[in-house]
Structures are given as structure tokens and as C-alpha cells.
Amino acid sequence: MDPQLAQQAFEELGTLVLLGMPVGTEFGIDMNTWNVGEKFKGVKMIPPGVHFIYYSAVSRQGETAPRTGFFHYFKQKDLVVRHYDPSAEDLENKDPDPEEVERIRTNLRDLDRFLGPYPMDSWRKWVSLTQHVSSEDMERMIPLTGKISSVPELVSQNQSFSSSAAKKKKNEGNISQSSEMQSSGQNQQECATTSSQPYKSSIPDMEPVPGTEIRFSKFPSRPYPEGATPSEITRFSLDSSYSVGKLVENIGR
């Protein structure tokens, strides 16, 4: 890049500063990934628009942890600062002290040699995927935690899972006892009754931990207008135009 153009891009475009990220960490922005080197402290010359920053801890054996990331809508001269928490192997989710951000902004030129340039050769393709995503759309859809993980945190919907598991264990003991009684010729009818009981799975229904799920727009629970005739219900069930229209109508509400 022409030095004068690079200077202008450095001053006018966005900057991401990452402090304390360990050497070897897998780091990426949009469609590009690298492994962090000793001098890495972030990315400069980030074009305006929505961008996805992501990372994965890498062990000494070279094993890569699940990927975590976050979206940010960069504006002109935007500066984003994040600290890495070694104990959590994650970037801190809180905003840094405003005084620290201003101090870094004032001395940003000193960080220039530690910042990698945004890979402009892939920007056109990234823009083709995200050009219609506004900052409002992004904020509406991202999880309340602000982060997205490739391996979602799950919680059981069945609050009685523990008691169900205990009951299952007790039933297994009863079945075993009934088998012994059958072999000795005692109480065969009771054993047959126990054995014929339907099996109930103790595997709980799982859902994302509240606040970690992507907040996609939802289709209406009923795919046809209220008061629709049987023939209209059939028509609206075959053609999803009504459901799609309602989904678009309720976006942002």
C-alpha cells in the first residue's frame, strides 16, 4: 500500500487493541485467522461496518479450544480495547476504563508496529455478506452476553432431572430384584408387571443458558390469520407468505 494512503487509513479507519493475548492463541477477524505472535497487540485499518472478532485458546500440545467471538460495528476512527483474562482463557466482556482508552488513543502511533493491518484482499467478499446488516440489526440479534461460542452453554429444562435419575436407579434395583425372584419361582406375576412398564428416558431436554443464545426473529406461532376458514388454513399452511410477512412486520418490536 502507498505510504501516504496507509497513513491516512491508519488515522481514519478503526483499530482493535487486544492486551495480554497469549502467544499461539488462534485469532481471527471476519474471514481471516492467524496464530498470535509475540508482538501482536491487535488490528489496525479496519473498514467501517460490522465485523466478527473471534479467538480460541491453544494448549502446549497444540489442541485448540472451542471458538468464542463477538460482533462489533466499527465506525470511522473507532477504537476498541479488550483485555485477555488468562484464568478464563477469554477476553474480558466489560468495557475498559475510559481514561485507559484515551491514553491508548493518544499513544496509538507507538502501537503501530504491534498492530497487524486488516486484510483488504478479503474485505470485498466480507462486505458482500454483511453490507445489509445495520448496527441496529446487529445489536438486536447478538446474545445479551455479547459473545457467541461455537459450543453453546446448555442448561436442563427439566428441573426434576435429578429426582428422575434417582427414581430410574431405584426402578433398576426393583427390576434386578424381580429377576432374582423370577429365577427362584416366586412372585412371577409381579415381575412380569414390572418388566412390562414403558421405559422413560432420564436424558433432560437442554436449552441454551439464558442470555447466550442468538436472538433470531421468530415466525408467528400460528401460520394463518385469526378466524381463518378451514380452506384458508390449508392455503396459508402450504404458502408461508403470511408467516414471512408477519415476521418482517414484527422485526424490532
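Nine helices and twelve strands make up the secondary structure of the protein chain in this predicted model. Buried residues account for 29% of the 253 residues in the chain. Among contacts with a separation of 6 or more, 67% join residues 24 or more positions apart. The accessible surface is about 17,000 Å², and carbon and sulfur atoms contribute 51% of that area.

The largest nonpolar core holds 22 residues, and Leu16, Met21 and Phe27 touch the most other members. Two or more residues come from each of β1 (14-19), β2 (26-29), β4 (42-46), β5 (49-56), β6 (68-74) and β7 (79-85). The greatest contribution is that of β5, with four residues. Beyond its neighbours up to four places away in sequence, Phe27 is in contact with residues including Leu16, Leu18, Met21, Trp34, Phe40, Ile53 and Tyr55. A further core of ten residues lies apart from the largest one; Leu79, Ile104, Leu108 and Leu115 are among its members.

Five strands form an open sheet with mixed pairing, in the order β8-β7-β1-β4-β9. Its edges are β8 (90-91) and β9 (115-117), each of which pairs on one side only. Strands β7 and β8 run antiparallel and are joined by two bridges; Asp90 in β8 is the bridge partner of Asp85.

| Helix | Residues | Strands touched | Angle |
|---|---|---|---|
| α2 | 98-106 | β1 and β7 | about 115° with β7 |

Terms used. Residues numbered from 1 in each chain as written. Predicted model: local features only at pLDDT ≥ 70, side-chain atom pairs only at ≥ 80, totals over all residues. Heavy atoms only, no water. Buried < 20%, exposed > 50% of the residue type's maximum accessible area, 1.4 Å probe, protein only. Contact = heavy atoms within 4.5 Å. Areas by Shrake-Rupley, 256 points an atom, 1.4 Å probe, with all protein chains shown as cover. Core = buried A, V, L, I, M, F, W, Y, C linked by side-chain atoms within 4.5 Å. Pairing = 2+ DSSP bridges. Axes fitted to C-alpha atoms, helices over the stretch in contact; angles between N-to-C directions.
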